[in-house]
Amino acid sequence: MKQNFTVRQGALDGVEAFLSVAQHRNFRRAAAELGVTPSAISQAVRALEARVGAALFIRTTRSVGLTEAGAQFLSRAKPAFEELVAAGDVARDLGRRPSGLLRLTVPRAVVPILLEPLIASFCQAYPEVEVEIAAGEESVDLAAKGFDAGVRMGQFVAADMIAVRLTPPFPFVIVGSPDYLRRHKRPERIDDLRQHACLRIRRSNGSIAPWSLLNGNKTVEAIVSGPLIAHDFPTMLGAAVEGLGLAQVPAPIAANLVKTGKLVQVLKAFAPTTPGVFLYYPSRHQMMPKLRAFIDHVKGRPVAAGKSRARTRNP
């Protein structure tokens, strides 16, 4: 039972007072338990009886008993009120310490190269938090879909979001397998891409993304063609490894394949730089401790030490 009882207008007005009186069969002991005056308890019970339309107690100078209506009301109201109290305790507990379910929406390519080590260390540090990762390329409404935060490349994060940097800026590189480049002349200029099989990606809005390239100090878009349209970068990267064509992908996801010689970077001088990858969320004013803990964990990683974009606010 809560302390500092106050009479409030609404469906639950007087229910706590009724339950306390029903338990003690005494208005004074109920008042002492709730920390109010006996007259406040009496007023609350009378108001409840008026709203219900039936007497709930039989009062004499020596005792307090339940009417038949009171007994029926008690049998339904007590478990319901206890559930409400328990619900409040659970919500209050979630608001005090990192616990509960943390839901994140992230691109598939980010999971193995960025989130897997981060999630592992976070779950070890906060065992009372469960992490759910929804991997997909589409941008989603965090609040409408029930996500606590999202991860996206900086250019795709809405201006009204608070963003925390996860990676430094990185280039979008063009790569092909050694086998493909043996069968086709290595491109040296942007125009050479017309002679190549270029793997493409379909955006979440349904359009096919052009390739973005740096021509001097100017970024240009090249309309390319090829045998495959993918919906995510890992699929396109896998096709490039198999020699299906050239692919333009974020440098971090291709780094190991380039290092091991499974892919070769071409047109290096024309690779544009993107802002990097960010964790984003709607508002620090509605932040639960589980998200606060995750953000602090992210900020503690060396890769997140870079400054955020000017438009972001410090959470």
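Residues are numbered from 1 along each chain as its sequence is written, and side-chain values use heavy atoms, with hydrogens and water left out. Because the model is predicted, local features need pLDDT of at least 70 and side-chain atom pairs count only at pLDDT 80 or more, whereas totals for chains, interfaces and linings use all residues.

A pair of aromatic rings is described by the distance of the centres and the angle of the planes. Rings of Phe, Tyr and Trp (its six-membered ring) pair if their centres lie within 6.5 Å; planes under 30 degrees apart count as stacked, over 60 as edge-to-face and the rest as tilted. By this rule there are six aromatic pairs. One of them joins Phe18 and Phe57, and this pair is tilted because the ring centres are 5.1 Å apart with the planes at 40 degrees. Phe18 belongs to helix H1 (residues 15–24) and Phe57 to strand E1 (residues 57–59), so the pair links distant parts of the chain, 39 residues apart. Helices (H or I, at least four residues) and strands (E, at least two) are DSSP runs, numbered from the N terminus. Both Phe18 and Phe57 are buried, where buried means under 20% relative accessible area, exposed over 50% and partly exposed in between (1.4 Å probe, protein chains only). A second tilted pair is formed by Phe122 and Tyr126, at 5.0 Å centre to centre and 35 degrees between the planes. Phe122 counts as buried because its relative accessibility is 0%, while Tyr126, at 26%, counts as partly exposed. One aromatic cluster brings together Phe18, Phe27, Phe57 and Phe73.

Charged side chains come next. The structure holds eight salt bridges, each a side-chain nitrogen of Lys or Arg within 4 Å of a carboxyl oxygen of Asp or Glu. In one of them, Lys290 meets Asp148 at 3.7 Å, N to O. Lys290 lies in helix H10 (residues 289–299) and Asp148 in the loop between helix H6 (142–145) and strand E5 (149–153), so this bridge ties together parts that are 142 residues apart in sequence. Lys290 is buried, with a relative accessible area of 12%, and Asp148 is buried at 17%. Another salt bridge joins Asp179 and Arg183 at 3.1 Å, N to O. These two residues are four apart in helix H7 (residues 178–183), so about one helical turn separates them. Asp179 is partly exposed at 34% relative accessibility, and Arg183 is partly exposed at 46%. Salt bridges that share partners join Asp179, Arg182 and Arg183 into one network.

Finally, there is an open sheet of five strands in the order E4-E3-E5-E15-E6, with mixed pairing; two strands pair if DSSP finds at least two bridges between them. Its edge strands, E4 (129–135) and E6 (162–165), each pair on one side only. From one strand to the next, the twist averages 25 degrees; axes are lines fitted to C-alpha atoms, for helices over the stretch in contact, and angles run from 0 to 180 degrees between N-to-C directions. E5 and strand E15 (residues 277–281) pair in the antiparallel sense over four bridges, and Arg152 has Phe278 in E15 as its bridge partner.
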